[in-house]
Structures are given as C-alpha cells and as structure tokens.
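Here's a quick briefing for anyone opening this structure for the first time. Take a look at the fold, then read on.

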Amino acid sequence: MVAIIGGEPHRFRPLIDRYREAGLGSGHSPDQLKIGIHSLGYVADSASKAANEFFPGYARSFSEIGKERGWPPVTRAHFDALLGPTGALLVGDPETVAQKILRVNESLGGISRITFQMSVAALPHPKLMRAIELLGTRVAPLVRTALASETAAAPLLTNSHRAA
C-alpha cells in the first residue's frame, strides 16, 4: 500500500517499480506483487459540490498537521490544484473520480486495490453515506467496466502485433 495524500500520483511510479523489481528478484511471481493505494477523496453528485463540501475540513486538518511538519496553511488554490487531472485528491462527481482512479492505475502500472479516506474532512454522516453509495453504485462500476474493456482489448492488440 502506498499512501498518496498529496502531489501527483505518477511520481510514485519509481517506488512501485522498485517494489516490483525486488519482488521478482526474490522469486515472487508478478501476480503476487499487488499494488494498493491509499487516497484522500470524496464523491458527491457534482464536482463543485464535492470540492466545496470537502475543502473546509481538509484545509483545517492539513493546516493543523502542517504546523507540526512545517507546511504552510492549505489554500483553496493548492486544494484546487490537487483536484486537477494529475492531482492526488479523488474528489468530485462519480465520473471524475472514476477517471482519476483509471489514470492513477495507468500511471502506476496497475493497482489491485484502493482505500478511500473521507474522514479527514470531518463531513456529516449523511454526506459520507451518500459518498459511499456513489462509490459503490457509480464509481466502482465505471472503473470495473473500463478495466474489463482494456483487458478484453489487450489480447487483440497483442495478436495484431504478432501478425505484423
């Protein structure tokens, strides 16, 4: 498990590549070398609603942690940058969050699991329950469908390369 709570997830690829190389070098098969990520996130019915609901608690928590670790207080501009396509926060509407998960999966060379931490924002229980519902009914099916499509297409690409 790799905790990615800031920055850009693709920057963790060298760490994951090292893990895979060490595992293979120690005799483990590739299917035994699972990669999981731990991410901060929140899903709401719209991207703007998700961002606006998550930001206050996130900013409070990370500004407080920052005092101990020497980080500056969190600004909305910094938060918004982490919401971007390559940013670490999985905050948005179901489609946006699914696309970010797929992008992280690709940039890290494949992940097998993801943990999704919403508690950092101290949101009310009903909002967390709605986010969990959206994760299960909208985000997960989008991710599974996209990954199944990629897997189904992969043998065709491999076969076409062999024929050439």
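What pattern does the protein chain follow, read along the sequence? The pattern is β-α-β-α-α-β-α-β-α, built from five helices and four strands. Helices (H or I, at least four residues) and strands (E, at least two) are DSSP runs, numbered from the N terminus.

Before going further, know that this is a predicted model: local features need pLDDT of at least 70, side-chain atom pairs count only at pLDDT 80 or more, and totals for chains, interfaces and linings use all residues. Residues are numbered from 1 along each chain as its sequence is written, and side-chain values use heavy atoms, with hydrogens and water left out.

**The whole chain**
- Take the contacts (heavy atoms within 4.5 Å) with a separation of 6 or more: 70% of them come from residues 24 or more positions apart.

**How α2 and α3 meet**
- Helix α2 covers residues 47–69 and helix α3 residues 76–83; their axes come within 11 Å and cross at roughly 125°.
- Those axes are lines fitted to C-alpha atoms, for helices over the stretch in contact, and angles run from 0 to 180 degrees between N-to-C directions.
- That makes α2 and α3 oblique to each other, the label for whatever is left once angles under 35 degrees (roughly parallel), over 145 (roughly antiparallel) and 65 to 115 (roughly perpendicular) are taken out.
- On the α2 side you'll find Ala51, Asn52, Phe54, Phe55 and Tyr58, which meet Arg76, His78, Phe79, Leu82 and Leu83 in α3.

**His38**
- His38 sits in strand β2, which spans residues 36–43, and is partly exposed, at a relative accessible area of 22%.
- Beyond its neighbours within four places in sequence, His38 touches Met1, Val2, Ala3, Ile4, Ile5, Thr115 and Gln117.
- With Gln117, the side chain of His38 makes a polar contact of 2.9 Å; such a contact is a pair of N or O atoms within 3.5 Å, and within protein one must be able to donate a hydrogen and the other to accept it, while residues adjacent in sequence count only if both atoms are side-chain atoms.

**Asn105**
- Asn105 belongs to helix α4, residues 94–107.
- Is Asn105 buried or exposed? At 13% relative accessibility, Asn105 counts as buried.
- Leaving out neighbours within four places in sequence, Asn105 contacts Gly110, Ile111 and Leu147.

Conventions:
Buried < 20%, exposed > 50% of the residue type's maximum accessible area, 1.4 Å probe, protein only.
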